[in-house]
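Subject: Structure for you, with notes on the domain interface

Hello,

Here is the structure I promised to pass on. Have a look at it first, and then read on for what I found.

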Amino acid sequence: MPWNRRHLLTLEELSREELDQIHTTATGFKKILNRSVKKVPALRGKTIVNLFLEPSTRTRMAFDMAAKRLSADVISLDAKSSSTTKGESLRDTAQTIAALQADMIVVRHSAPGSPLYLSKILDIPVINAGDGSHEHPTQGLLDTFTMRERIGDLKGRRVVILGDILFSRVARSNIQALRTLGADVTVVGPSTLVPPYFEALGVTVSHNLRKALADAEVVMLLRIQHERQNAGMFPSIGEYTSMFGLNQQRAAWLHPDAIIMHPGPINRGVEIDSELADGHRSVILDQVTNGIAVRMAVLYLCSGGQPEYVTVTG
Ligand code: CP
């Protein structure tokens, strides 16, 4: 099946076949990244603009790295150094980038739906690098890629997402991809951050940590998104940690071969203890590394590339 999408806005709209195509393409690119010469000419002559109007370390650097590994020219613009500080709108900023003849735009913005909006007013592909608390599609893709790499087929596998589900775009994208891949997903945390209506997304909602973690094969920790919360959603950070932080004692409830994930940035000692974040079950840095290959796959496919390219040349 050929790849037909120009934009990556949400994982909600991707089929099982499309998730497989991205992951297969990323597998090919990952092999290239392990060579001494890590570059392919797939996007030579193309210019990619990373427009990050919210802070980022790993997503922005991984998109930068991915574009360079594909031989594209890449320009990054952040909120502080752009003319948005002088009052320029997102629309005018994006249209300026397109007028400068960028071939693709990667956007992170605090407003849910902003990448969708740009996809409607621009003639170039738009990639969502995180839009408010809506979605973070490439994070969901790299997380499920890492899970498949570590534990294989996700059909029927028990995945727990623990923490601030309500405000998390990472949770939403992971839920969409995991459900499409057939995983059995539980979301757990305080009732203020894990509302019952998440069940409509096909997941189990729990506020009982011990029951949720029992025999889970994957646990993904999420930090508290203070920047998106207007009111206190729990009495104190200490209380949150005492009720829902992952420590050695609670990690013993997991399946013996369980992996521990976190999209980052981590608040050590809050949602997860350092000894677990750095321990043998942690795949947190593998997630970061896989983010390059997965973003290479997304940039390549949305630029009009086809999955066969990697099979032939990878
Ligand atoms: N996971 C993630 O989006 O991290 P950054 O905010 O550092 O990009």
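Let me begin with the interface: domain 1 and domain 2 bury about 2,200 Å² between them, with 55% of that on carbon and sulfur atoms. On the side of domain 1, R16, H23 and E135 lose the most area to domain 2, and together they make up 28% of what that side buries. Please keep in mind that this is a predicted model.

As for where the domains lie, the domain assignment puts 16-135 + 288-313 in domain 1 and 137-284 in domain 2. Taken over C-alpha atoms, the centres of domain 1 and domain 2 are 26 Å apart. The contact involves 28 residues of domain 1 and 25 residues of domain 2.

Three salt bridges are counted between domain 1 and domain 2. E54 and R169 meet through their side chains in a salt bridge, at 3.0 Å from N to O.

Which elements supply the side of domain 1 that touches domain 2? At least two residues each come from α1 (16-33), α2 (58-69), β3 (104-109), β4 (126-131) and α11 (284-302). The most come from α1, which gives eight residues. By type, the residues on this side of domain 1 are eight nonpolar, eleven polar and nine charged.

Terms used. Residues are numbered from 1 along each chain as its sequence is written. This is a predicted model: local features need pLDDT of at least 70, side-chain atom pairs count only at pLDDT 80 or more; totals for chains, interfaces and linings use all residues. Side-chain values use heavy atoms; hydrogens and water are left out. Domain bounds come from an automatic or database domain assignment. Contact means heavy atoms within 4.5 Å. Buried area is the accessible area (1.4 Å probe) that two parts lose on being put together, summed over both. A salt bridge is a side-chain nitrogen of Lys or Arg within 4 Å of a carboxyl oxygen of Asp or Glu. Helices (H or I, at least four residues) and strands (E, at least two) are DSSP runs, numbered from the N terminus. Ala, Val, Leu, Ile, Met, Phe, Trp, Tyr, Cys and Pro count as nonpolar, Asp, Glu, Lys and Arg as charged, and the others, Gly among them, as polar.
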